[in-house]
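Here is a short briefing for a first look at this structure. Keep the sequence and the 3D view open while reading.

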Amino acid sequence: MRSSSMLIGASLFALVALADRLGAQSAADWPILAARRVVGASTFKIFNSRGSVRVVGWDHDSVLVRGRVGRPGSFSAGGDTLGLKISVDDPLHGSPPPTSLVIFLPRRARATIKAVNADVDVSGVGGWIYTITGSTRVSGSIGAMEIESMRGAVAVDARTPWLRVRGGDGPVVIRGSPEDADVSTITGSLDIAASGVVRGQFGSVSGAVHFRGPVASGGIYEFSNHSGETILSLAPDVSAVLALSNVSGRIESDFAATRPASHTAQSLRVTLGHGDAQIIVRSFKGPIHVGPQR
Amino acid sequence: MDAEHLTEDERQTMADGSLTGERATALLEHLARCAACSSDVARLRTIRARVASAPTDGDAADTAAVDTLWPAIRARIDQRKDAALDARGGTTGTAGRRAGNRLRLVSGLTAAACIVAAALVGARRIARRASVTPQVVATTEVADSVTAYQQEAQTLLDELELRRALLRPDALTAIDHDLAVVDSAIVELRAAAARDPNNAALHQLLASTYERKIEILKRIGNAG
């Protein structure tokens with residue numbers, strides 16, 4: 001189960017990377033739809049319901065939009081040097097042809113992106129992303145980022161001070177170095193293998209939650225799950241206090257050499273190393289498994 | 001008194017002196033140790049004293065007491081009403097009422113955010129406490145969070161019904177599916193909590209599941 005989750009995560013990144021490369025090759029030939037000088041810390045509102053949106057942070061105080069517009073006349077861009085609203089008009093019902101956009105923004109800008117079925121790819125810019133079924137990919141060194149996706153896959157591989165992801169049914173994969181991460185899904189799996197997480201809240205209702213990676217000294221990590229499995233693969237020399245509780249599911253620990261401070265059928269409390277970090281796991285009936293990384 | 005801070009109810013009963021016996025002794029011991037609770041109880045006693053001593057015919061002292069309390073009360077009322085009160089306490093007139101209709105959803109979501117934030121603070125405080133001393137978690141405080149979430153979820157469900165016809169079909173399908181999953185979990189958690197009412201971890205899971213439900217419902221603001 002653990003290896004299959006890793007495989008799904010790796011596949012997701014590979015597919016997105018492939019699509020990224022194909023998109024980048026063709027995007028340079030797309031016509032320029034809008035270009036404007038802006039100040040560095042501008043705010044950009046971007047709406048494209050179908051197709052794709054690719055946002056790239058660059059080191060210029062200007063915005064450039066290239067794209068292929070599915071329905072003539074549906075693209076618009078308006079604003080001033082403080083920000084721009086870039087949108088593709090879309091009726092509430094029906095399926096207009098998809099529009100693909102590539103938008104270059106100053107790195108210090110904040111992007112607010114709303115999509116429906118469009119795939120969203122952001123690198124080097126922080127902000128807020130909302131999709132229903134489209135996939136979301138975030139990478140690079142960015143400001144604070146918030147992502148809401150009802151059904152799409154979410155893949156984050158970024159350095160950011162603050163990350164918040166609310167997934168739904170799609171898989172969520174977290175890599176990179178989000179310092180403060182608050183990530184949850186409804187039924188989708190959640191796979192975290194990120195370094196540099198100091199405060200982490202990870203949860204799901206019925207999706208599997210897998211955590212691998214280093215635990216920061218003084219870090220606080222909370223996991224909650226209702227019926228999905230929660231698997232923590234920690235460094236063999238991890239220094240943390242683990243407090244695990246499960247209302248009706250099982251708790252398993254492969255840190256066999258360490259005697260627990262307390263252990264009942266529904267809870268396990270154990271100190272590993274000097275106990276520098278706190279790891280709390282709560283589940284209703286999904287199994288909890290902790291063990292050293294192999 | 002093992003809990004980190006007194007509950008609101010305990011603070012009120014200590015302020016009005018209605019609690020006696022061993023329980024009161026335990027709370028007094030906590031107040032002697034905890035500056036935050038002690039300060040809050042003292043503040044409550046001061047307010048009670050001012051209200052009790054204020055003349056009934058409304059003089060300057062009475063007005064001052066009202067002036068002190070009114071901004072906070074007005075802010076809370078404004079969050080829950082259609083049109084904001086002006087500085088003198090009147091409504092903003094016809095334009096305000098029209099704006100109120102448009103702002104109905106916004107004010108509902110704002111109130112939602114406040115309640116969720118308050119509930120989150122409580123739940124996280126409990127979570128931190130549980131990690132240190134799991135046996136002494138104040139279950140009642142988590143239960144308060146659950147109640148706040150329940151109320152907020154109902155408000156947002158009402159909004160969902162109002163906006164259902166305006167939502168994109170795929171968004172509506174996703175919201176309905178996710179709500180069904182979360183509601184199923186809540187049913188299981190509530191049944192377990194009824195069997196084991198003192199299980200703090202159970203109440204924390206229930207609170208976090210309600211939090212998920214509210215997050216789903218708050219997405220309706222973006223799904224149009």
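**Helix packing and the chain contact**

The axes of helix 7 of chain B and helix 8 of chain B cross at roughly 160° and come within 10 Å. This is a predicted model. Angles over 145 degrees count as roughly antiparallel, so helix 7 of chain B and helix 8 of chain B are roughly antiparallel to each other. Their crossing is left-handed.

**Where the two helices meet**

- Helix 7 of chain B brings residues including B:Ile175, B:Leu179, B:Val182, B:Ile186 and B:Leu189 to this contact.
- Helix 8 of chain B answers with residues including B:Leu202, B:Leu205, B:Leu206, B:Thr209 and B:Ile216.
- By class, the contact of the two helices has 13 nonpolar, two polar and four charged residues.

**Helix 8 of chain B**

- Helix 8 of chain B has 19 residues.
- From first C-alpha to last, helix 8 of chain B reaches 27 Å, close to the 27 Å expected at 1.5 Å a residue.
- Helix 8 of chain B is largely enclosed by the rest of the structure, because 17 of its 19 residues are buried.

**Contact between the chains**

- Chain A gives 27 residues to the contact and chain B gives 24 residues.
- On the side of chain B that touches chain A, helix 5 (93-132), helix 7 (169-195) and helix 8 (200-218) of chain B each supply at least two residues.
- Helix 7 of chain B gives the most to that side, with 10 residues.
- That side of chain B has 12 nonpolar, five polar and seven charged residues.

Methods
Residues numbered from 1 in each chain as written. Chains lettered and ligands numbered in written order. Predicted model: local features only at pLDDT ≥ 70, side-chain atom pairs only at ≥ 80, totals over all residues. Contact = placed C-beta atoms within 7 Å. Helix = DSSP H or I, 4+ residues; strand = E, 2+ residues; numbered from the N terminus. Nonpolar A, V, L, I, M, F, W, Y, C, P; charged D, E, K, R; others polar. Axes fitted to C-alpha atoms, helices over the stretch in contact; angles between N-to-C directions. Parallel < 35°, antiparallel > 145°, perpendicular 65-115°, else oblique. Left-handed = near helix turned anticlockwise from the far one by under 90°. Expected span 1.5 Å × (residues − 1). Buried ≥ 20, exposed ≤ 12 C-beta atoms within 10 Å, placed from the backbone.
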